Amino acid sequence: MPDNKDKYEQLNQVIAELKDQPGALMPVLQRAQGIFGCVPMDVQKIIAEGLGVTLSEVYGVATFYSQFRLEPNGKYTISVCLGTACYVKGSQKVLDRLSEELKTPVGKTSPDGLFTLNATRCLGACGLAPVMTINDEVYGRLVPDDIPGILAKYREQA
Amino acid sequence: MDIYRAHVLCCGGTGCTSSGSAQLIQRFEEKIKENGLDKEVKVIRTGCFGLCEAGPVVIVYPEGTFYSRVKVDDVDEIVTEHLLKGRKVQHLVYSDHATHEQNANKSLQDINFYKHQHRIALRNCGVIDPENIDEYLAFDGYKALEKALTTMTREQVIEEILKSGLRGRGGGGFPTGLKWKFAAASVADQKYVACNADEGDPGAFMDRSVLEGDPHAVLEAMAIAGYAIGASEGYIYVRAEYPIAVKRLEIAIGQAREYGLLGENIFETGFNFDIKIRLGAGAFVCGEETALMRSIEGKRGEPTPRPPFPAVKGLFAKPTMLNNVETYANVAQIILNGADWFASMGTEKSKGTKVFALGGKINNTGLVEVPMGTPLRTIIYDIGGGIPNGKKFKAVQTGGPSGGCLPAELLDTPVDYDNLIAAGSMMGSGGMIVMDEDNCMVDIARFFLDFTVDESCGKCAPCRIGTRRMLEILERIVNGKGEEGDIEKLENLANTIKATALCGLGQTAPNPVLSTIKFFRHEYEAHIREKKCPAHHCQALLSYVIDPSKCRGCTACARVCPGGAISGEVKNPHVIDPSKCLKCGACIEKCRFGAISKQ
């Protein structure tokens, strides 16, 4: 695919640009995820070769940090805040309801590939607790019954 | 420079941006232009004002009128009434939770939430445009760096910080001046200054607010630290989850370089210093200093044993001095106003102020900065406005996953490093989550252990295995399968982990459990012995009951019950079959007569 070829070229440029700076592996992985949406094994192999480190080191770092994904996300990424302020205001119930409505366990993508459901650490919008984000959209002061309506909106758009 | 007769300050912090402040700013600019006021009134996107509960927040100067929860549709009225005709829009003015007072003539400083505060670290947040270095310069910006470079020796700078009594605001409370002194004493061809902006405590967001509202304050302090310890390079390790903070840091670094305040030969003194940003990738353990340095090196963020301390062998095996964002935010003020000024605030061993992120079951959620030694009661009731919905205060959690829960009896504790530790909690980075009678303390302990287990890096056995065993016991207890002896097992594990874990994460992980056992042992016992949750929170231990004297037999509950557990005839009292009840609570929400209760 020409589109994909372009992405690999971008990746090689990133590697060339950053490889001489100390501690380049994390920034390269971050930029790679920006290009591909995730860091699958073939991308990790290219990074390992490009930076002259072992694949096990790349894989070790990619799987250590929760930010890196080895598989792509759904079209919409739902992140429910489970920070303390949101938790004491009932965000677990919001998360449970989402999981139920989407028939998807936390951390996974819904069968239709539309939604990836994540529980996240503090988003820092504690004034709006409980909070979730869907891609860049923020939803605050949620109750579980808000969920079906919000999901319906995205299903219509899709 | 243009002079404006009025300024509209809109909060551009994460909280207010989440509730739509960007659209507000756009609307203000459009409306002001439409009314031909764009030469007279200026709109400024500031950092966080602190009172996130009232967001999006808009303040109109020179009056200091405080508008809260402003919607895009309200903008027209503020522009045409207040800015055009000079009449404050009374019904949009902030209303005090406690007094219900809505007084348009009260300026910011007179509002209860701000009255008890003293802002040093947050001094410019909500005051200046963080994306404009000139505004920072107008508020004495980079003056402290100039003073240090041109009139003070390195030793004098360190001495000043030492004398001020400033202690690390990231949680540990280690004397900052001492850290600087150790790093200065190390001899090496290259040293580093680093800034810990990997704010990971759930519910704490003071560092983010400083970075978003006053990024230059951190850059200036890092440059001063660089001069003091003899480093020419700095790293800021910031959470990738803070996009606004990252963007403003990048802008600030660019502007500072352009003005010659970072780079080579700063103030023509021959001092060189520059700063790089490194993004975190979502690992709580990277808030620990050695793990953070491994992460900047591009490795797995696993802590390493100390010694060697980072002041001797840190980042890239060179001497490194790491401070937290809020610590840095105090530095320039100490250099400018002197150590004695700073040391005049606070308690005997904790000087200055501390920023707390007040959240949970509290009326005024937001960021507050108070002198050390301010009692918890003042913070929660006078500033925080107390507990919403007439509920009873149960506990306040400080220190995040490393801290503990303090009960009502300890509300008069003056907050400082040592008092909190003595009370069984800790300062941590300053998260302060208030809990009411509906929160189950066993479940809160479980929540924090769940966090720790998830975030444990797995390097040392006490943390990797020990915290998991603790979590399993806690899960058993909240699910009604607790056994006699569980509390003792938890205490035993907790003490072992505290004594043997490699880093701060593991050593403090048992604190939420120990403090809840200490102050709320009766809740643990009720779960274990009576299989009851006193807060009616733990689902497995709840039973739903219909009060026959209140039930009118409207059938609303029976219709909504997903498990078909409710039966009864129309206009006659209904009953819930506990064997079918899913404990979802749908019936309670539907009942209009208050006949259903959790027991």
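1. Domain bounds here come from an automatic or database domain assignment. For chain A that gives domain 1 (2-64) and domain 2 (76-157), and the C-alpha centres of domain 1 of chain A and domain 2 of chain A sit 30 Å apart.

2. A word on the ground rules. This is a predicted model, where local features need pLDDT of at least 70 and side-chain atom pairs count only at pLDDT 80 or more, while totals for chains, interfaces and linings use all residues. Residues are numbered from 1 along each chain as its sequence is written, and chains are lettered from A and ligands numbered from 1 in the order in which they are written.

3. Now the interface. In chain A, 29 residues are in contact with 37 residues of chain B (contact: C-beta atoms, placed from the backbone, within 7 Å). On the chain A side, α2 (25-36), α4 (55-64) and α5 (84-88) each supply at least two residues, and α5(A) gives the most, with four residues. Helices are DSSP runs (H or I, at least four residues), numbered from the N terminus.

4. Next, the core. The largest nonpolar core has 214 residues (a core: buried Ala, Val, Leu, Ile, Met, Phe, Trp, Tyr and Cys joined through C-beta atoms within 7 Å; buried: 20 or more other C-beta atoms within 10 Å of a residue's own). Helix α10 (residues 215-229) of chain B gives the most to this core, with 11 residues. Apart from this core lies another, of 12 residues, including Cys551(B), Cys557(B) and Cys587(B).

5. Take a look at Ile224(B), one of the residues with the most contacts inside the largest core. Leaving out residues up to four places away in sequence, Ile224(B) touches Ala144(B), Leu145(B), Ala148(B), Val157(B), Val331(B), Ala332(B) and Ile335(B).

Technical notes
Two residues are in contact if their C-beta atoms, placed from the backbone, lie within 7 Å.
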